[in-house]
Amino acid sequence: MTGLAVVLVETAGPLNLGSVARLCANYEPSCLRLVNPRCELDDPLAHLMAVHGRPWLGKAETYGDLAAAVADCRRVVACSGRIENQERPHHSPKEALEWLLEPQGGPSQVALVFGREDHGLHNNELLLAGRLLRIPTAPTYGSLNLSHAVAICLAEIQQLHQAHAPTPQASPLAP
C-alpha cells in the first residue's frame, strides 16, 4: 500500500502495538508512525505479537504530536468511535477510505489515524482529518480494540485496491 501511513496516537498497550506491526507486515503500508507512544517498541510482548512484523517495530517513526506526524500527507482519515458529539459526519470505512485513496496532484502520502486505546482522539486531533471514519458495531458497545480497528481498515483498503486493479488479459494460445 504505497503512500499509506498508519498513525497510532499514544499507544499504551505493547500487545496492540505488536499486533499492528504484524498487520503492517500483512498489508504493507508505506510506514508506521507513532505519536508519543506510551509503551516501549522493544517490549517483549510487542515482539511476541508482531511475529513477522518485528521489523516494523524497528523502523517505526516517532513524532511528538499528530500534526507533525501527518504534515506531509495530502489527505488524512481518522478512525473515531465517538457518537455523542457528531458536528462532523462520520463515514463508513468504504466511503472514508475511497476518499483517502482518490488520486490527486501533490504529495502521494496519505494517513490513516487511530487514537488512544482508552479514549480515542482529542477534538483538536480530529480536526486534522479531512474525514472521520466510524466502523459500524452493535449500538450497545461501539468501541473496538485498536488492532481490530486497524485490521478492518487495512483489509478494506486491500479490497479497494483489488477492485480497482486492472484485470489481467488472458494470453492468446500458442499455435
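User: Which elements do the buried residues of α5 pack against?

Analyst: Contact means heavy atoms within 4.5 Å, and buried means under 20% relative accessible area, with exposed over 50% and partly exposed in between (1.4 Å probe, protein chains only). Helices (H or I, at least four residues) and strands (E, at least two) are DSSP runs, numbered from the N terminus. In this structure, the buried residues of α5 pack against the strands β1 (4-9), β4 (75-79), β5 (90-91), β6 (110-114) and β7 (131-133), and against α7 (146-164). This is a predicted model: local features need pLDDT of at least 70, and side-chain atom pairs count only at pLDDT 80 or more, while totals for chains, interfaces and linings use all residues. Residues are numbered from 1 along each chain as its sequence is written, and side-chain values use heavy atoms, with hydrogens and water left out.

User: Which residues of α5 are buried, and why do they line one face of the helix?

Analyst: In α5 (residues 93-101), the buried residues are P93, A96, L97, W99 and L100. Seen down the axis of α5, they fall within an arc of 155 degrees, so they line one face of the helix; the arc is that of the directions from the helix axis to the C-beta atoms. α5 lies across β1, β4, β5, β6 and β7, and runs at about 160 degrees to β4. Axes are lines fitted to C-alpha atoms, for helices over the stretch in contact, and angles run from 0 to 180 degrees between N-to-C directions.

User: How should I read the strand order of the sheet?

Analyst: Two strands pair if DSSP finds at least two bridges between them. Here an open sheet of 7 strands has the order β3-β2-β1-β6-β4-β7-β5, with parallel pairing. β3 (61-63) and β5 stand at the edges with a single partner strand each, so one side of each has no neighbour in the sheet. β2 and β3 pair in the parallel sense over 3 bridges, and V35 stands opposite Y63 in β3.

User: Where do the side chains of β1 point, and which strands does β1 join?

Analyst: In a regular strand the side chains alternate between the two faces of the sheet. From β1, L4, V6 and L8 point one way and A5, V7 and V9 the other. As 6 of the 6 residues of β1 are buried, the strand is largely enclosed by the rest of the structure. β1 runs parallel to β6, joined by 5 bridges, and the partner of L8 in β6 is F114. Another 5 bridges join β1 to the parallel strand β2 (residues 31-35), where A5 stands opposite C31. The chain crosses from β1 through α1 (residues 14-27) to β2 in a right-handed β-α-β crossover; right-handed means that, with the strands pointing away from the viewer, the path from the first strand over the helix to the second runs clockwise.

User: Which residues have the most contacts inside the largest nonpolar core?

Analyst: In soluble globular proteins, nonpolar side chains tend to be buried together. A nonpolar core is a set of buried Ala, Val, Leu, Ile, Met, Phe, Trp, Tyr and Cys residues joined through side-chain atoms within 4.5 Å. The largest core has 34 residues, and L8, L32, F114 and V150 have the most contacts inside it. Its largest share, 7 residues, comes from α7. Not counting residues up to four places away in sequence, V150 touches V6, L8, V20, L23 and F114.
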